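I list what I looked up, entry by entry.

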Amino acid sequence: MSDVLALDPRSLRFVKSIRDLARNRLALLGFILIGAVILAALLAPVMAPYSPVAQDLANRLLPPGASHLLGTDELGRDILSRILFGARTTLKIVSLVAGIVAPIGLLIGMSAGYFGGYVESVLMRITDVFLAFPKLILALALVSVLGPSLDNAIVAIAATSWPIYARVARAEAAAIRQAEFIAAVRLLGASPARILLRHIAPLCLGSVVVRLALDMAGVVLTAAGLGFLGLGAQPPTPEWGAMMAAGRQYLTDQWWVAAMPGFAILGASLGFNLLGDGIRDFLDPRRNQ
Amino acid sequence: MIEVRDLTVRFPGREKPAVSRVSFRVASGEAFGLVGESGCGKTTVLRALAGLITGWTGRIELAGHQRSSYKFKALPNIVQMVFQDPFGSLHPNHTIERVLLEPIAIHKLDRAEQRVVEALQNVGLSQRFRRRLPHQLSGGERQRIAIARALILSPKILLLDEPTSALDVSVQAEVVNLLQRLRAELGLTYLLVSHDLPLIAHMCGRCAVMRSGEIIEELTAADLRAGKVAERYTREFLAASRYAA
Amino acid sequence: MTPLLRVEDLRVSFPGASGLIEAVRGVSFDLGREKLGLVGESGSGKSTIARALLRLVPKPGIVSARRLELDGIDLSRVSEAEMRSLRGRRISMILQDPRFSLNPVMSVGRQIMETRLAHFTDSAAHVRAQALAMLHSVGIRDPARVFNAYAHELSGGEGQRIMIAMMLMAEPGVLIADEPTSALDVTLRGQVLSLLDDLAVKRGRGLLVISHDLGLVASFCDRILVLYAGRIVESLRADEIAEAQHPYTRALWAARPSLDKPVSVLPTVPRDPAWANS
């Protein structure tokens, strides 16, 4: 092995990774889909031809055409504009959930894995309790208690998805704890907090990010599901799940009202899924052998 | 400087203690060896002295400080350790500079820059190593960094767990010479664990031979070289070392 | 008598950021029915040579040789499929750490039988008996227990014996041992080495021992090749080691602490790029 390390292994691996990622067509497709969602969210005010909330009852339920590319809904609102603005809602949910879930899961899991013993037993039993409930049902219950709103939907989704990150982080931390470089910094007098945050956390981050990328598709679907049931974003805020729900009653005659937001949900969750797969392959250490 | 009395270590789920009633003393500035085959408990003794193992019985005193047997407490200015695997003892994502700054940051020491410069000079490495990551270093260089890190807080005792067994013989010579020079210059006390008798004879004035968790005899380097040993096991060990060397 | 293995001008290079990097630069040697030691530091190309002989150099690596003959077979003309049948059958390699070389989910006995069954059409019952006999001959006291054991249930010494048993089952003519004892305790090293001696060399096989430890190689082998930066800088008989000519060999010989000759400072090994070009 060491006989062939004449070329800098790190730069070589980096170049190889970029190439592999590009070669992975599906990951690229996922990247494009998510890129489109992000672009839509950022440029919604510029790109949207109409206001997402302006009602025009004279032009309700128009089929896709020149004036309204994706048609209008039951209140005459432009569906394209609503989908573009709906991307903001979706991305807000996804990024806030990721931002809440990853640090909480990481902190709980790492502490359990590093300290072991009672700390681990207590933290992991709490985690198990959360894992024992089906995610969507627990989220539903939480929203019903907190009251339906976008913020509460985010809280509910976050509260139901952190345990898996705690599991992932615990496994990593328990393995890293045994490493000699951790023993070395302990002997130097580093506090447990310092060891966890500066030495162990960066090494757990990789698997948490992979898990996060794979889970985001599920978050998109859960968010849409809550919206569909009227428990997420409240009208008139454009939200894909709520839009689908509204279009349900016109499904046979004005299919586009429900189908267009449906395609948006499909595209976004597919995109996250493919991208997540790509990132997992990209970070998988076995790939480099 | 080091006093160990009746040290016994049991691991949960094992009937036989890993270390059984081990006692020895090491004077200040001395280098003492613990010799034995893998599984004889020599590394366990070292880890107990470092504080990395708790739940032992007996008495461990390092430079006048008595170690607690139930709670880990670092004694950073008294004892540091150099590990066997030079790759495993450095954080894979930390640059050498960050590795050396770590003890300085933990103890909020002044003159950080100067200390890093000196630490690298001490172990004979150029300043250009600072920006590198461990995997960009050879085994010998990594072990020098581990030694530099251990010495930044000026400990009195260095615990050495087979520090050269993962290195080529040619690189071993350099690391051994470095350790010898540092001991003389800084007046350090060494406790060296190894299964390499010639190395022990070269580095240590005295050593204890361990077998199945017990110390079976204590020898001086001169005894070792002359083959003046009492136990049959030690004689066989010595013969095997001569054959395979 | 023709040598078992003839190597002439073996070169291995790997593409790097700035052109080809030569890991092995024109190495030639013959291996007869003897113990030949190949000594070098890590990075000297010694393991790459072993891989080149087995045609196991990883992908972008380029191997060339004026002559590469195994028992009269020109290895440069052998197809990949034929090479697979030669590996194990005619030429075999024992690796440094048995814990990583044994399959953790397959019993030891099964793995030993596997090497035989891959190359011979013997009955399973017959091979089983052979495997048990082989375990006995590598000094395993309780062959029946070890036969059914898994890798994690073995000690380091047992693991290495089993690796040797495994390699010998197919009766290869040439055996390569890459650091066969460096994962073992000193007390076991002698046993494993004498086992290799008994089972390989005394039965007319050729043994190539690769190590960074000149002392070990000198005490065990008949001849020694000293490798520096991909070239052989000195080739000598093991009993002439004290009179080695090359400064690199002499330095390697002196760098190891000795029980008999105490020194206050160990001599270190000088490195001169010019040695690799002369």
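**Entry 1. Strand pairing in chain C.** I began with strand β1 (residues 5–16) of chain C, which pairs with strand β2 (residues 19–31) of chain C in the antiparallel sense over 10 bridges. The model is predicted, and I read what follows with that in mind. β1(C) and β2(C) form a hairpin, and two residues lie between them. I looked for the bridge partner of C:Phe14 in β2(C) and found C:Ile21.

I then asked what else β1(C) pairs with. Strand β5 (residues 67–70) of chain C pairs with β1(C) in the antiparallel sense over four bridges. There I noted C:Val7 opposite C:Leu68 in β5(C). Strand β4 (residues 62–64) of chain C also runs antiparallel to β1(C), and three bridges join them. In that pairing C:Val12 stands opposite C:Val63 of β4(C).

**Entry 2. Chain B overall.** I counted eight helices and 10 strands in chain B. The radius of gyration of chain B is 18 Å, close to the 18 Å given by the globule rule for 245 residues, so I recorded chain B as being as compact as a globular protein of that length. The C-alpha trace of chain B spans about 50 × 40 × 35 Å along its principal axes. Of the 245 residues of chain B, 50% count as buried. I also checked the contacts in chain B between residues at least 6 apart in sequence: 66% of them join residues at least 24 apart.

**Entry 3. B:Leu62.** I picked one residue of chain B and asked: is B:Leu62 buried or exposed? B:Leu62 has 24 other C-beta atoms within 10 Å, and I took 20 or more as the cut-off, so B:Leu62 is buried. B:Leu62 belongs to strand β4 (residues 57–62) of chain B. Leaving out residues up to four places away in sequence, I found that B:Leu62 touches B:Ile2, B:Leu49, B:Arg67, B:Leu75, B:Ile78, B:Val79 and B:Ile157. I also took the C-alpha to C-alpha distance from B:Leu62 to B:Ile104, which is 23 Å, with 42 residues of separation in sequence.

**Entry 4. Chain B against chain C.** Last, I looked at where the two chains meet. I found 25 residues of chain B in contact with 27 residues of chain C. On the side of chain B that touches chain C, the elements giving two or more residues are α5 (169–186), α6 (197–203), α7 (221–226) and α8 (232–243) of chain B. α5(B) gives the most to this side, with six residues. By class, I noted 13 nonpolar, six polar and six charged residues on the side of chain B that touches chain C.

Terms used: Residues are numbered from 1 along each chain as its sequence is written. Chains are lettered from A and ligands numbered from 1 in the order in which they are written. This is a predicted model: local features need pLDDT of at least 70, side-chain atom pairs count only at pLDDT 80 or more; totals for chains, interfaces and linings use all residues. A residue is buried if 20 or more other C-beta atoms lie within 10 Å of its own, exposed if 12 or fewer, and partly exposed in between; C-beta atoms are placed from the backbone. Two residues are in contact if their C-beta atoms, placed from the backbone, lie within 7 Å. Ala, Val, Leu, Ile, Met, Phe, Trp, Tyr, Cys and Pro count as nonpolar, Asp, Glu, Lys and Arg as charged, and the others, Gly among them, as polar. The radius of gyration is taken over C-alpha atoms; the globule rule is 2.2 Å times the number of residues to the power 0.38. Two strands pair if DSSP finds at least two bridges between them.
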